[in-house]
Amino acid sequence: MLYADIILPLAQPAYTFAVPEGTEVVPGCAVAVQFGPRKIYTGIVRRVHDLRPSARNVKPILRVLYDRPLLTGRQMEFWEWVASYYMCSPGEVMRCALPALMKPSADTEEEFADEEFRPRTECYVAPAPALRDGERLHEALESLERRAPKQYEALLELVSADEELRTAAGEVPRRLLRADYAVLRALGRKGLVVETERERSAEAGCRAAFRLPELTAAQAEALGELRRQFRTKSAALLHGVTGSGKTEIYIHLIAEMLSRGDDVLLLVPEIALTAQLVGRMERIFGSRVTSYHSKLTPRRRTEIFLRLSRSEGGEFVVGARSALFLPLRRLRLVVVDEEHDASYKQNDPAPRYNARDCAVALARMLGGHALLGSATPSLETWMNARTGKYGRAVLSERYGEARPPRILVSDTLRAARRGERHSHFNKLLLDKMEETLRAGGQTMLFQNRRGFSPYVECTECGWTARCPHCNVTLTYHRRGERLVCHYCGHTAPVPAKCPSCRVTDVVPRGFGTEKIEEEIAALFPEARVARLDRDSVTSERAFGAVVADFEARRTDILVGTQMITKGFDFGGVALVGILNADNLVNSPDFRAAERAFQLMTQVAGRAGRRAAGGEVVIQTSDPGHPVIRQVAEGDYEGMALAQLAEREAFFYPPYARLIALTLRHRDPELLRRGAAALAAALRGRFGRRVLGPMPPPVDRIRGEYLAGLLLKIESGASAARARELLRSELEAFSKSPEYRTLTVVCDVDPQ
Ligand code: ADP
Ligand code: ZN
Ligand code: ZN
């Protein structure tokens, strides 16, 4: 008798089922199984063996789903790695890895069958084989032209359709033709076209040869260096200033893989921010490019997943972090663009993985390569490149005529003393904006979002609106005049009278990009102003519209948050203003300085991408701050060395590995005792490596109180051993009668 260990989409270990006679399964197969009293789930086979489990009645697998395994053995290994490294169950990895429609669960077999995903079919149209003869084609067209002009047009459209639109067999997807379906059917009846209905494929146009950009000498050298490094190392850093042509280098490596029939994955921080990049890739790789991200419909994501699981290779996916889990069977290269970006880390729910680190692990497992690109690498990656664990190539000059922007630091306190400060702007910045506007250039203004969510306050008694479920202030949204909790989503109307003193009205406080946009409009009435942040653009389309307007220079001044910092390549930006650098450098996080440097350098990098003479104005009350100086001088290495010295002194990554534990409970007293007990138990194992308990910055969310513990492990020590010890302690803790009801969440390598 054979048995299969099956991963279910639950925070549970794998369970063993019997493999019925005549059923064939291998690791990576999707199956339907019954679990619990009634429910039917989709599961993934983890292992097949002949060890009878001790449980008395072992249920059989109901049936195998899809006509072949969804995942390869290697991908299953990767799931295991993620589960083990990030301390979660393989079921949680499954939940994250598979698109929603691929893991239906139902109460009955009939319902399950209804829920099961069926790929959409598509109609393909081709001219009848006889028409390959030019003479016959001419005849057919001639006779149609007189008698059936619509059919004539349809046939003409089909035979003259762009090579790009065709599959290898010369068919064109019907939906891409202008012709009426009835007209095509009529042509079919005459035997002039052939229509085939089958599963949708993306192979149309895949034969086009890639036209690659010619590399400059410096770029060619960097590419050569990467190739050399990849002979012995599975990961390498491409450290190149913004605009130096990192993307061009990716393109060359990608083309090389694709023409060998291998798959490539290009990870980008947030797909909504990278329409430009996808467009650029499509211009070179045509319909080979598949983009995969959370904004796609569930159906589309599922179709992509299924198609890739059957592909023979040569696939190129541009995706957000979850694209790491796509079943690319011949994956040999993972490029992680802007590798330092914090959005590669999934904070919630489990697996709390960092896609950049996973990419490195995955590449190693596959015997392929991970390329990490950045103008401002994370200190972890930079350190790995320095010690030779990763390879490294450097691009220190911008491409073409573009020069690094001139960075001016403007002292806000001094400006205020001299009466040269108007609201949020120093005179210097306003003068520069005026100049830029007159010269027909574009300006980008950056306002950090953090710490500047607008809120409402009573002018009389100081009352502010707070969330009843979380220990935070509610954020004021002008649209709809509502107060919203950014932690739990609780909303409330803005009260007409202060609920506390009942004397006065409450007023909005704090300033965000919206306020700045208003002020700019008042200061420069003739300028065309737009805004880009999470509140102003709620859809991908709205986002695209703002970006397109700015790109086409229909906007003079763009005000925005972090959203404007990433990956944009706008030619016309002559001036960039960073309105308040103070809250960037002064945040209490141990990564604050690194982050501030990265963010400001990215923002500054938007200036003067094409033309010479871009300028950046950084407003700060502390112009002598080391990080501000390092940004102004473009001194990444100075920043990195200074920060590494601090990290070493205070024992933080990359010198230590961190595991953050969060405990939650509705009863604050029980939580306090539980956190103390867990801390004591962990100290028994890890000694002084345990910090806490301490309250996190927001210590109540959705009615539950929170307590934090931090584990700091020497990076030289065995991380696997530490996780093992931690796992056994947590298991004991979760079984103790007193603390069973506490929730404990592990975050490995928290950001
Ligand atoms: P990065 O990814 O390092 O920010 P990009 O690859 O986006 O840099 O290059 C910046 C700009 O310079 C882009 O507009 C790009 O098309 C152009 N560019 C870079 N290298 C070349 C090249 N070898 N040939 C033509 N254009 C290039
Ligand atoms: Zn809340
Ligand atoms: Zn009041």
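**Salt bridges and a charged patch**

The structure holds 34 salt bridges, a salt bridge being a side-chain nitrogen of Lys or Arg within 4 Å of a carboxyl oxygen of Asp or Glu. This is a predicted model, where local features need pLDDT of at least 70, side-chain atom pairs count only at pLDDT 80 or more, and totals for chains, interfaces and linings use all residues. Residues are numbered from 1 along each chain as its sequence is written, chains are lettered from A and ligands numbered from 1 in the order in which they are written, and side-chain values use heavy atoms, with hydrogens and water left out.

I start with Lys427 and Asp431, whose side chains form a salt bridge at 3.0 Å, N to O. Both residues lie in helix α14, residues 427-438, four residues apart, about one turn of the helix (helices are DSSP runs of H or I, at least four residues, and strands runs of E, at least two, numbered from the N terminus). Lys427 is partly exposed at 37% relative accessibility, and Asp431 is partly exposed at 35% (buried means under 20% relative accessible area, exposed over 50%, partly exposed in between, with a 1.4 Å probe and protein chains only).

Next, Arg528 and Asp556: their closest N and O atoms are 3.0 Å apart. Arg528 lies in the loop between α15 and β26 and Asp556 in the loop between α16 and β27, so the pair ties together parts 28 residues apart in sequence. Arg528 is partly exposed at 41%, while Asp556 is buried at 13%. Elsewhere, salt bridges that share partners join Arg227, Glu256, Arg260, Asp262 and Arg330 into one network.
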